[in-house]
Amino acid sequence: MVFSKQPGGQQEQAEAEIDLLALLKVVWQHKWLVIVAAVVFAVAGFFYTKILIEPTYRSSFTAFVNNRREGTADDVNAISSGDTNAAQSLTYTYAEIIKSAPILEEAAQKIGLEEDLGSLRSYVSTSIGDRTQLVYVYVTMNSPQIAQAYAEAIASIAPNHLEEIVEGTSMKIVADPKVPTAKFSPSTKKNVLIAMLLGIVVAVAFIVIRELLDTRVKDQKELSDYFGVPVIGTIPNFEHATASSYGGKYGYGYGQKQKSSAKKGEK
Amino acid sequence: MATKKKSASSAAAQRRRQRNRILSEKSSWPIQEAYRVLRTNIQFTLPGEGNRVIGVTSAFQHDGKSTNSLNVAISFGQLDKKVLLIDCDLRKPSIDGMLKVPGKPGLSDVLAGMATLEESLQHLEDRKIDLLPGGRIPPDATMLLQSSAMKKLINRLKGSYEYIIIDLPPVTAVTDAVILSEVVDGYLVVVRHKVTDYRAVSDTIEQLRFAEGNILGFIYNDYAAEGSKYGYGYGGYGGSGYGYGYGHEAKQTE
């Protein structure tokens with residue numbers, strides 16, 4: 001137990017101080033458990049990711065939002081900051097409108113995708129370029145081809161819808177959606193790393209808790225400090241001691257000398 | 001030491017292991033040295049002068065109390081002192097088994113008036129100690145130990161021996177150990193490395209202090225250094241909580 005107490009201690013059931021350094025030492029002593037746990041969790045994470053999680057693919061396009069219809073007469077050559085600001089708030093509006101039911105459903109119909117609105121909604125997400133008039137639209141699905149097709153469908157019908165809803169604006173596609181070559185999620189590496197860290201945390205927690213709960217006597221100094229009673233004799237474990245009887249490791253070479261003189265002293 | 005597989009023999013093997021733990025000149029040097037140091041420390045911490053009654057107890061069974069009582073007695077015997085070892089664990093006397101000597105008549109018989117002291121005392125020439133074994137297991141050990149007969153017996157024995165080592169039952173098991181606090185000059189509490197629980201030790205110390213017993217110190221039993229098969233950590237501790245170094249104590253015992 002990592003107890004420590006003031007010397008000459010009284011018999012209160014006092015709270016024990018938890019010696020952090022001693023705890024770390026114990027964790028280090030059990031480092032093999034931590035390593036094994038890390039490996040086991042990592043392997044489990046790997047298989048879980050590979051086998052149980054279906055990969056998804058993301059196709060995306062970028063749209064530029066303008067608060068002026070293409071080719072109108074007024075102020076064609078000047079872009080004022082007021083215009084820009086208005087366009088930026090418009091961008092947020094557009095992002096929401098793109099995710100609305102009419103657009104999603106029409107685009108789905110266009111490519112023959114038969115899924116309910118809830119699913120369609122779950123595939124599409126947007127983000128806004130910071131302080132820009134750019135909307136990024138992401139379509140994330142299980143099949144790369146369908147993801148691209150759906151993204152393309154949305155890109156083709158969204159500008160018209162938006163121009164009808166918000167008059168005096170236009171939307172242009174900046175980047176077309178492509179068929180993704182690599183999967184979007186899950187990331188095997190990331191999951192394995194997370195699993196490994198989780199394994200380490202679990203192992204360390206287990207070691208620490210077990211150590212804190214272990215109230216056996218394990219250290220002489222701790223024992224005598226705790227009770228204020230000296231340890232006046234230490235008897236080594238018999239098996240260990242006899243394994244190296246008359247061992248030169250003991251007593252710094254004192255052993256040999258003592259042995260012979262002891263024999264003389266004791267009849 | 002071959003270990004047989006039958007369960008009946010494993011008990012025999014355990015007894016054999018127990019006997020191998022008895023201190024003697026054939027014991028390994030670390031063991032001998034450990035008891036030399038312990039003996040010296042006991043001599044130095046016993047209060048005052050005169051005859052010495054040392055009570056050996058522990059928190060729980062199997063902490064190594066009886067073995068250590070025996071070995072402490074033998075260690076004093078090695079100094080050619082007159083030593084008596086009394087097995088006071090009347091409910092579970094074990095010293096006679098370790099030494100392979102008759103267990104009765106013994107203390108309980110003497111206290112009950114069913115045997116004389118002379119009949120019950122055994123002189124063990126090879127160990128250089130006298131032994132008063134536990135005797136027949138009595139129905140009420142506490143009553144016997146509490147009786148005036150016990151006190152009279154101890155006082156009588158003090159006249160004949162320089163050291164009386166008493167193997168007491170574990171304190172948390174029964175109150176026998178505490179009952180004798182009047183006659184015991186000093187208590188040794190045996191604690192076993194990585195086995196004894198702090199709470200049990202705490203109860204033990206508390207009871208002994210409550211009875212105003214004089215605690216000489218702990219015997220830290222069964223110590224093995226971490227990660228060291230050959231226990232060289234023992235050398236580092238010097239087996240002594242008092243810091244009586246090897247060099248110093250060697251002079252004392254020679």
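## A partly exposed aromatic pair

A:Phe46 counts as partly exposed because its relative accessibility is 34%; buried means under 20% relative accessible area, exposed over 50%, and partly exposed in between, with a 1.4 Å probe and protein chains only. A:Phe47, at 45% relative accessibility, also counts as partly exposed.

This is a predicted model, in which local features need pLDDT of at least 70 and side-chain atom pairs count only at pLDDT 80 or more, while totals for chains, interfaces and linings use all residues. Residues are numbered from 1 along each chain as its sequence is written, chains are lettered from A, and side-chain values use heavy atoms, with hydrogens and water left out.

Seven aromatic pairs are found over all chains. The ring centres of A:Phe46 and A:Phe47 are 5.5 Å apart and their planes are at 80°, so this pair is edge-to-face. Rings of Phe, Tyr and Trp (its six-membered ring) pair if their centres lie within 6.5 Å; planes under 30 degrees apart count as stacked, over 60 as edge-to-face and the rest as tilted.

## Salt bridges in chain B

Over all chains there are 15 salt bridges, each a side-chain nitrogen of Lys or Arg within 4 Å of a carboxyl oxygen of Asp or Glu. One of them joins B:Arg136 and B:Asp109, with the closest N and O atoms 3.2 Å apart. B:Arg136 is partly exposed at 43% relative accessibility, whereas B:Asp109 is buried at 2%.

Another joins B:Glu33 and B:Arg36 (2.9 Å, N to O). Both B:Glu33 and B:Arg36 are buried.
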